[in-house]
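The terms are defined where they are used.

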Amino acid sequence: MADAERTPGFNTLAVHAGAKPDPTTGARATPIYQTTSFVFDDVEHAASLFGLQAFGNIYTRIGNPTCAVLEERVAALEGGTAGLAVASGHAAQLIVMQTLLMPGDEFIASKKLYGGSINQFNNAFKSFGWNVVWADPDDIGSFERAVSPKTKAVFIESIANPGGVITDIEAVATIARKAGVPLIVDNTLATPYLCKPIDFGADIVVHSLTKFLGGHGNSIGGMIVDAGTFNWSRDKKYPMLCEPRAEYSGIVLHETFGNFSFAIACRVLGLRDLGPALSPFNAFLIATGIETLPLRMQRHSDNALAVAQWLSTHPRVAWVSYPGLPGDKYHALAQKYVPKGCGAVMTVGLKGGYDAGVKLVSNVKLFSHLANIGDTKSLIIHPASTTHKQLTDAQKTQAGAGPDVVRLSIGIEDKDDIIADLELGLK
Amino acid sequence: MNHDAYPDSYIRGILNTVKTIAMVGFSPNTSRPSYFVFKYFLERGTRVIPVNPGHAGKEILGERIYGKLADIPEPVDMVDIFRASEFVPGVVQEALALKPLPQVIWMQLEIRNDAAAAMAEAAGIKVVMNRCPKIEYGRLSSEISWMGINSRTLSSKRGQILPGGVQRMGLGNAGDKKND
């Protein structure tokens with residue numbers, strides 16, 4: 001394939017990238033290397049591995065051949081130079097920020113993000129001295145106004161959960177470039193099948209693999225993808241990458257590893273020291289899931305659009321927030337960034353308010369009532385009575401989790417069965 | 001040759017045939033990239049001859065360091081350049097004076113000089129610029145995939161494990177006739 005000099009298509013990469021037959025056994029499926037450690041060939045080989053002078057495996061906290069298949073696969077699908085698999089999407093964000101920021105530094109983040117990210121940035125990250133400055137994706141100028149000499153990164157989501165907020169990635173990338181800092185894009189909801197943020201100027205892509213990439217609701221995981229686009233040495237702002245590392249006998253990671261040095265820094269400094277490694281078994285399940293990503297994402301998106309259209313005409317529904325609908329606020333951006341479809345997730349406002357939301361989640365028989373998205377199965381949650389129950393009504397509304405709001409993650413079942421289930425629930 | 005995008009077959013062909021590399025601008029500092037590349041190819045059984053006038057006559061990992069290309073008393077297949085782009089024409093001129101001529105002139109990451117490349121190509125020498133042979137070897141052997149790097153290669157064939165350990169891969173497939 002390599003010698004044919006063809007550029008493989010997305011479907012081919014989803015099945016093959018990273019997964020050649022096992023060199024020792026010939027196993028065609030990716031083996032699960034369920035081992036903590038790897039024997040060295042000899043003392044000199046061990047020294048070369050520890051000194052980063054040779055490619056190879058040492059210890060599963062730093063790297064594992066099953067996890068490596070997943071890393072290369074996601075890197076290939078995103079069009080990046082390298083990937084690093086970690087224990088969760090939150091772990092991916094932790095390692096990215098720890099590699100970029102020192103205590104007292106700032107990063108700019110869209111204020112319309114997955115709620116878990118908002119919590120992580122407002123609480124844990126602030127306790128480390130990494131200070132988030134919020135900007136509004138509906139007012140791109142707010143990103144530019146938030147730039148200060150302490151800014152080290154900009155963070156957005158391609159499609160933000162749950163409201164289907166689509167951010168103008170290219171416009172934010174221009175601001176990040178001007179500020180001399182990398183743009184990080186969380187591409188969890190879109191996946192590279194619907195949107196490739198690197199094509200629009202992202203320097204780093206992060207994922208919760210737990211959602212659509214794994215796709216089957218069976219494994220928690222996270223991924224960091226290095227686009228290979230950022231010059232870490234230019235302004236000497238990123239000491240982890242541009243200064244000699246004493247623990248690796250003084251090597252400079254950017255000088256030594258070039259356009260995949262960010263992924264290497266996240267692995268040999270961040271993952272090594274912080275420790276949230278992915279289990280090889282989870283990596284196997286997620287990598288297997290990705291083989292069908294293009295098929296699943298198209299079905300998720302097609303089903304979701306059909307459901308959104310049906311709901312938007314239902315007499316008990318006040319509104320539907322889904323960027324695939326022509327009247328939606330983000331419809332124009334959706335046509336640019338996610339032309340194949342807008343993914344599975346939408347929010348719905350019920351005319352009957354809180355009680356109608358409780359009734360809907362109680363009455364459905366196909367939808368599962370749980371706090372996740374991105375399963376093959378259709379999922380539903382009523383935030384006001386679950387995840388956001390402790391908030392006041394005003395706080396709930398501000399968080400996009402008002403008493404009338406129900407979030408749906410549309411699965412890949414038959415769309416008529418999904419609609420019939422919602423019809424039953426809304427009766 | 002399009003120096004913006006080399007076909008994998010071009011790079012693979014070079015790395016498969018080169019047996020002796022002269023490394024110009026070699027640093028004996030073990031934290032520098034040239035030392036990494038030097039050690040990596042030595043471990044693969046490639047003959048690597050370091051060149052640096054500041055360290056001429058010294059030995060490193062059993063290999064003698066020479067002051068300039070002309071001092072090397074044996075033919076070299078490839079000249080690997082670890083000098084800034086503006087110094088490349090001088091190195092290429094020295095390489096063109098070697099008898100026999102080297103088959104390949106390779107410039108490391110961030111090093112590119114199109115005029116010097118054209119001069120070498122006019123003499124029938126293959127040129128690679130702005131690449132690292134260690135990274136390319138790791139990429140095409142799939143060793144680099146262990147680090148989560150996108151090798152940009154797909155294959156349904158089993159890779160080749162080199163003698164001397166399980167964590168060293170070759171450029172061919174299992175079952176290929178071994179290179180002599």
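## Basis of the description

Two strands pair if DSSP finds at least two bridges between them. Helices (H or I, at least four residues) and strands (E, at least two) are DSSP runs numbered from the N terminus.

The model is predicted: local features need pLDDT of at least 70, side-chain atom pairs count only at pLDDT 80 or more, and totals for chains, interfaces and linings use all residues. Residues are numbered from 1 along each chain as its sequence is written, while chains are lettered from A and ligands numbered from 1 in the order in which they are written.

## The sheet of chain B

Chain B contains an open sheet of five strands, ordered β2-β1-β5-β6-β7, with parallel pairing. Because β2 (47-51) and β7 (126-128) of chain B each have a single partner strand, they stand at the edges, and one side of each is left without a neighbour in the sheet. On average, neighbouring strands of this sheet are turned by 20° against each other, direction ignored. Axes here are lines fitted to C-alpha atoms, for helices over the stretch in contact, and angles run from 0 to 180 degrees between N-to-C directions.

Within the sheet, β5 (residues 78-81) and β6 (residues 104-107) of chain B pair in the parallel sense over four bridges. In this pairing, B:Ile81 stands opposite B:Met107 of β6(B). Helix α2 (residues 33-43) of chain B packs on the sheet, where it touches β1 (20-24) and β2 of chain B, and its direction makes about 155° with that of β2(B). Helix α3 (residues 88-96) of chain B lies across β1, β5 and β6 of chain B and runs at about 165° to β5(B). Contact requires that the C-beta atoms of two residues, placed from the backbone, lie within 7 Å.

## Domains of chain B

Chain B is divided into domain 1 (8-133) and domain 2 (136-173), with bounds that come from an automatic or database domain assignment. The C-alpha centres of these two domains of chain B lie 23 Å apart. Eight residues of domain 1 of chain B are in contact with five residues of domain 2 of chain B. Helix α1 (residues 8-17) of chain B gives the largest share of the domain 1 side, five residues.

## Interior of chain A

Chain A has 17 helices and 14 strands. Of its 427 residues, 55% count as buried, meaning that 20 or more other C-beta atoms lie within 10 Å of the residue's own, with C-beta atoms placed from the backbone (exposed: 12 or fewer; partly exposed: in between).

Seven of the seven residues of strand β4 (residues 151-157) of chain A are buried, so β4(A) is largely enclosed by the rest of the structure. Strand β2 (residues 106-110) of chain A pairs with β4(A) in the parallel sense over four bridges, and A:Phe107 stands opposite A:Ala153 in β4(A). Four bridges also join β4(A) to strand β7 (residues 183-186) of chain A, and these two strands run parallel. Here A:Val154 stands opposite A:Leu183 in β7(A).

## Interface between the chains

In total, 43 residues of chain A are in contact with 35 residues of chain B. The elements of chain A that give two or more residues to its side are α2 (43-50), α3 (65-78), β1 (82-86), α10 (253-257) and α11 (261-274). The largest share of that side, six residues, comes from α3(A).
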